[in-house]
Amino acid sequence: MTQARPSPHAAVTEPVRAGYARYAQQAERWLGRYQQQGGRVYCGAGCFACCNMPIRVSLAEALIMTAALTPEQARAVETHARAAVANARTARNDEQYVQRHRDEVGYCPILNRETGGCSQYDARPTRCRDTFSAFPATYCESGTLERMTRREQAEYRREVARTPGTDGELHFIAPLEHLSEPVWVAAARAMRQSWGLEVWGDFWLLTTLGADPKFMAAITQGNARAAWQIASGRGLAHRMLLEME
């Protein structure tokens, strides 16, 4: 039987995979206690109200998704990445960038819209793993908070403030986001040790560039300038979406 070839980037992806596993165990324990105490989580199978949000990841995380995609999915991810770049080039500010990403760039192409599930669930990045809502999905949908009247906004803030697990400002469950921080730390350390630099940015852009042999050759050599030129030559470079340090 032919053995699977080891990943050429295992030195940066394996610490992230280990972090994912630790997070899953810790989050499960935390959720168990939270629910025993009366806390409620509205996220579940088939819910994808947050799957049109822009996501910032490390290249270490993106490489895990790169390796999991089918050719068809990879093409769809690149199309999404190019739409994100076009949005970043014309957005007046971060707020407009996020809103247009949700409304115009649209849902993640890895999402199965028929089932409402991620078609590459095991490879999903940290931000998809640690986002949980203490309110119904409608509050996660684009435009819901913006369409509220002042009275509705005031009631929302009061409800958030008295809901256990939130940060007092938004309805997302803050401790589950905090628990994922070691994954980011592990990714940063692994990239720095292996490449001499860190690469962060848009999830779909980095997932696309992770499949580019020339880009990855420059990264593994620690040559940020060459990597930027390669990304730029492909129309996949923007300071907001590709950060190398």
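Rings of Phe, Tyr and Trp (its six-membered ring) count as a pair if their centres lie within 6.5 Å, with planes under 30 degrees apart called stacked, over 60 edge-to-face and the rest tilted. The views below come from a predicted model, in which local features need pLDDT of at least 70 and side-chain atom pairs count only at pLDDT 80 or more, while totals for chains, interfaces and linings use all residues. Residues are numbered from 1 along each chain as its sequence is written, and side-chain values use heavy atoms, with hydrogens and water left out.

**View 1. Aromatic cluster of Phe 135, Tyr 139 and Tyr 156.**
A search of the whole structure gives seven aromatic pairs. One of them joins Phe 135 and Tyr 139 edge-to-face, at 5.3 Å centre to centre and 75° between the planes. Phe 135 has a relative accessible area of 6% and is therefore buried, whereas Tyr 139, at 27%, is partly exposed. (Buried means under 20% relative accessible area, exposed over 50%, and partly exposed in between, with a 1.4 Å probe and protein chains only.) Phe 135 also pairs edge-to-face with Tyr 156, at 5.7 Å centre to centre and 85° between the planes. This pair links distant parts of the chain, 21 residues apart: Phe 135 is in the loop between helix H5 (126-129) and helix H6 (144-147), and Tyr 156 is in helix H7 (residues 150-161). Helices (H or I, at least four residues) and strands (E, at least two) are DSSP runs, numbered from the N terminus. Both Phe 135 and Tyr 156 are buried.

**View 2. The largest nonpolar core, with 48 residues.**
A nonpolar core is a set of buried Ala, Val, Leu, Ile, Met, Phe, Trp, Tyr and Cys residues joined through side-chain atoms within 4.5 Å. Leu 59, Trp 195, Leu 205, Phe 215, Ile 219 and Leu 242 touch the most other members of the largest core. Elements that each supply at least two residues of this core include H1, H2, helix H3 (71-90), strand E4 (199-202) and helix H12 (224-233). The most, seven residues, come from H9. Phe 215 touches Leu 59, Leu 209, Ala 227, Ile 230, Ala 231 and Leu 242, not counting residues up to four places away in sequence; contact means heavy atoms within 4.5 Å. Apart from this core lies another, of 14 residues, among them Phe 132, Ala 134, Phe 135 and Met 148.

His 101 counts as buried because its relative accessibility is 0%. Leaving out residues up to four places away in sequence, His 101 touches Asn 52, Met 53, Pro 54, His 80, Ala 84, Asn 87, Gly 106 and Trp 204.

**View 3. The second largest pocket, with a volume of about 180 Å³.**
On a 1 Å grid over the protein atoms alone, a pocket is an open set of points with protein on both sides within 12 Å along at least five of seven lines, and lining residues have an atom within 4 Å of a point. Ser 7, Pro 8, His 9, Thr 13, Arg 17, Leu 63, Ile 64, Thr 66, Ala 67 and Gly 210 form the lining. Helix H1 (10-36) and helix H2 (59-68) are the elements that give two or more residues to this lining, and H2 gives the most, with four.

**View 4. Arg 22 in helix H1.**
Arg 22 is partly exposed, with a relative accessible area of 42%. Its C-alpha atom is separated by 23 Å from that of Tyr 42, 20 residues apart along the chain.

Technical notes. On a 1 Å grid over the protein atoms alone, a cavity is a set of points where a 1.4 Å probe fits but cannot get out, and a pocket is an open set with protein on both sides within 12 Å along at least five of seven lines; lining residues have an atom within 4 Å of a point. Grid points are joined across faces, edges and corners, and a volume is the space filled by probe spheres set on the points.
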